[in-house]
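Notebook open, model loaded. I want to look up the sheet and the pocket.

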Amino acid sequence: MTTTSRGSVIDRVVLACFGAPLIAVLLTVAGAALGATWLRELPRDVFPDLSAPVFNVIAQHPAMAAEELELRVAIPIETALAGLPDVRRVRSSSTAGVAQVTIEFEPDVAYERARQRVAERLGQVALPPGTGAPVLSSLSGRLNEIFEFTIEADPGTADLMTLRDLAEHEIKNRLLAVPGVAAVERLGGYLREFQIQVDPDRMAARGVTLAELVHAAEGTSATAAGGFVTQGPMEWTVHADARAHSVADIAATVVAVRGRTPVLLGDVADVREGPAVRRGLAHRLAGEVVSCRVVRQFGADTVAVADGVRRALAEL
């Protein structure tokens, strides 16, 4: 009975189409056009991320051992994050100076909303003095690394520190302006930094303590407001800019005054530019290089973001 009813309905539709062929063709073309439009607007991606939202929180305290970090940093963060809605599990791992807390949500939770909840709850956690502000991972999933390239130079033209400077200050800033890019991860080379190497003998000879030296070093990049000066109808803002721009600026910083003679930072320590401690390197067949990996934002179109990255690199 069901088969006969279905057959009769189909027969009536077919007979109606033959009876009005123009209307049938127009309806068919309209349906095909509507389907094509919906197909073009259908969300699609080359690497769809179907994993659950997972975020990492990293907190650092260089003076703490792994056990103390776990007790005073990791556990308070875990306790605060465990009470969030739709949390599946929270786990942590601690090493000397670094604590990492991983929080995983249910698969149906929106990435943006989940990250916002984590960021709001982290602002309420009280951490021990000296602990750096917790760093929350960016809004990106596990399959969002879509583009990788290396920065190389012919032998003798540029060293690895120069290549890393190019990646840190030029390439990264340009690629972050591409719509859909969440982060640009850099690896390899040498990260340039100002280094102050203390000489205990020179400090003892001039009667300078380590606390005085640290206080002076922290002030090399400080700025201070000086209020304002009124001159007739004009009002001028005054501020002191003490930021150091070179090794000479840091070495000329006053640490203390002994008698009437200022003791400079360069008198009790060696100030220089040098590479930071490396946590990894990038290598190709020709040798060491600087590698950059582009991470797209969650939900961004992979092809569109990759094309934008290629155009930005071509402009550079």
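I take helices (H or I, at least four residues) and strands (E, at least two) as DSSP runs, numbered from the N terminus. This is a predicted model, so to speak: local features need pLDDT of at least 70, side-chain atom pairs count only at pLDDT 80 or more, and totals for chains, interfaces and linings use all residues. Residues are numbered from 1 along each chain as its sequence is written, and side-chain values use heavy atoms, leaving out hydrogens and water.

The lining has 16 residues, and closest to the centre I find Arg164, Arg186, Leu191, Val277 and Arg279. Which element gives the most to the lining? It is β6, with 3 residues; α5 (160-176) and β6 (181-187) each supply at least two.

**Sheet**

I see 4 strands in an open, antiparallel sheet, ordered β2-β3-β1-β4; strands pair if DSSP finds at least two bridges between them. At the edges I have β2 (87-95) and β4 (135-136), each pairing on one side only. I count 7 bridges between β1 (residues 54-60) and β3 (residues 98-105), and isoleucine 58 stands opposite glutamine 100 in β3.

How values were computed. 1 Å grid on protein atoms, 1.4 Å probe; cavity = no way out; pocket = protein on both sides within 12 Å on 5 of 7 lines; lining within 4 Å.
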